[in-house]
Every structure is written in C-alpha cells, then in structure tokens.
Amino acid sequence: MLMSGFASFVGLLFLAMLVLAAVALVMAALARPDAYVAADKKTKNFWLILLGAAVLVNLIGIPGLGLMLQIAGLIATIVFFVDVRPALKQVTGGGGRRGGSSSDGPYGPYNGGR
C-alpha cells in the first residue's frame with residue numbers, strides 16, 4: 001500500500017517535470033530570436049533544442065541513464081524560467097511594470113536616503 005502511494009507520487013513528479021519543460025519550450029518558441037542575442041542568453045535555437053530534448057526525455061523515460069537526463073532537463077528548465085525568461089521580458093519590454101521610473105523599488109521610488 002505504501003509503495004503504491006510512493007509510486008504515484010513519483011509519477012506525479014515526473015508529470016510535473018514534463019509539464020514544466022513543455023511550458024518552457026512553448027515560451028521559448030514564442031520569444032523573438034533577436035531578444036535572446038540582445039539579452040546575451042545564447043540563441044533561440046539553442047534553447048529550443050535543449051528544452052525540446054528535456055520534453056523528449058520526459059516523454060520517453062529512458063531506463064538507466066534516463067533519470068540523470070531528466071534531472072539535467074529539469075535544471076535546464078529551471079534556468080530558463082529563472083534566468084532566461086526574465087531577461088527576455090526585460091529586453092522586449094514585457095516586464096509587466098505598471099509605469100514608474102527605473103529607480104523604483106518594490107515598495108515605491110528610491111530617493112537615495114533623502
């Protein structure tokens with residue numbers, strides 16, 4: 001009984017890894033190619049190949065070496081979400097800012113301690 005619960009947890013974990021990689025792949029495909037170069041984040045093709053491989057490895061589930069490849073794909077997906085995507089949004093102006101100046105912090109304008 002306990003083993004089936006663990007197996008379903010692992011299955012959900014692998015499904016989450018697949019969904020995250022697929023979402024990252026779609027987001028990478030929708031970004032402009034010149035934004036990657038402007039943000040100094042490799043090229044669009046590099047990220048499409050890397051994230052596509054992550055999706056493929058998660059779909060196929062290669063026994064043996066597969067877990068290491070899935071973890072590598074998860075790391076690439078996380079790097080895309082926390083480093084590449086914010087840089088692309090900043091370059092393309094899609095940062096979601098609601099006005100204000102470049103010196104505004106999270107709690108309002110920064111006035112230099114005045």
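This is a predicted model: local features need pLDDT of at least 70, side-chain atom pairs count only at pLDDT 80 or more; totals for chains, interfaces and linings use all residues.
**Entry: overall layout.** I listed 4 helices and 2 strands in the protein chain. Read from the N terminus, I found the order to be α-α-α-α-β-β. I then turned to burial: of the 114 residues in the chain, 23% are buried. For contacts with a separation of 6 or more, I noted that 65% join residues 24 or more positions apart.

**Entry: helix H3.** I traced H3 over residues 44-60, which gives 17 residues. From first C-alpha to last I noted a reach of 24 Å, close to the 24 Å expected at 1.5 Å a residue. I looked up which residues of H3 are buried and wrote down Lys44, Trp47, Leu51, Ala54, Val55, Val57 and Asn58. Just after the helix, I found Gly61 with a positive phi of about 65 degrees.

**Entry: nonpolar patch.** On the surface I located a nonpolar patch whose members include Phe14, Leu56, Leu59, Ile60, Ile62 and Ile75. Together, the residues of the patch have about 1,100 Å² of accessible area. Which helices each supply at least two residues of the patch? I found these to be H3 and helix H4, the latter spanning 66-92. The largest share, 6 residues, comes from H4. I placed Ile75 in helix H4.

Methods
Residues are numbered from 1 along each chain as its sequence is written. Side-chain values use heavy atoms; hydrogens and water are left out. The expected span of a helix is 1.5 Å times one less than its number of residues. Buried means under 20% relative accessible area, exposed over 50%, partly exposed in between (1.4 Å probe, protein chains only). Contact means heavy atoms within 4.5 Å. Patches are made of residues with over 30% relative accessible area and no salt bridge: like charges are joined within 9 Å, nonpolar side chains (Val, Leu, Ile, Met, Phe, Trp, Tyr) within 5 Å. Accessible areas come from the Shrake-Rupley method with a 1.4 Å probe; for residues, only the protein chains shown count as cover. A salt bridge is a side-chain nitrogen of Lys or Arg within 4 Å of a carboxyl oxygen of Asp or Glu.
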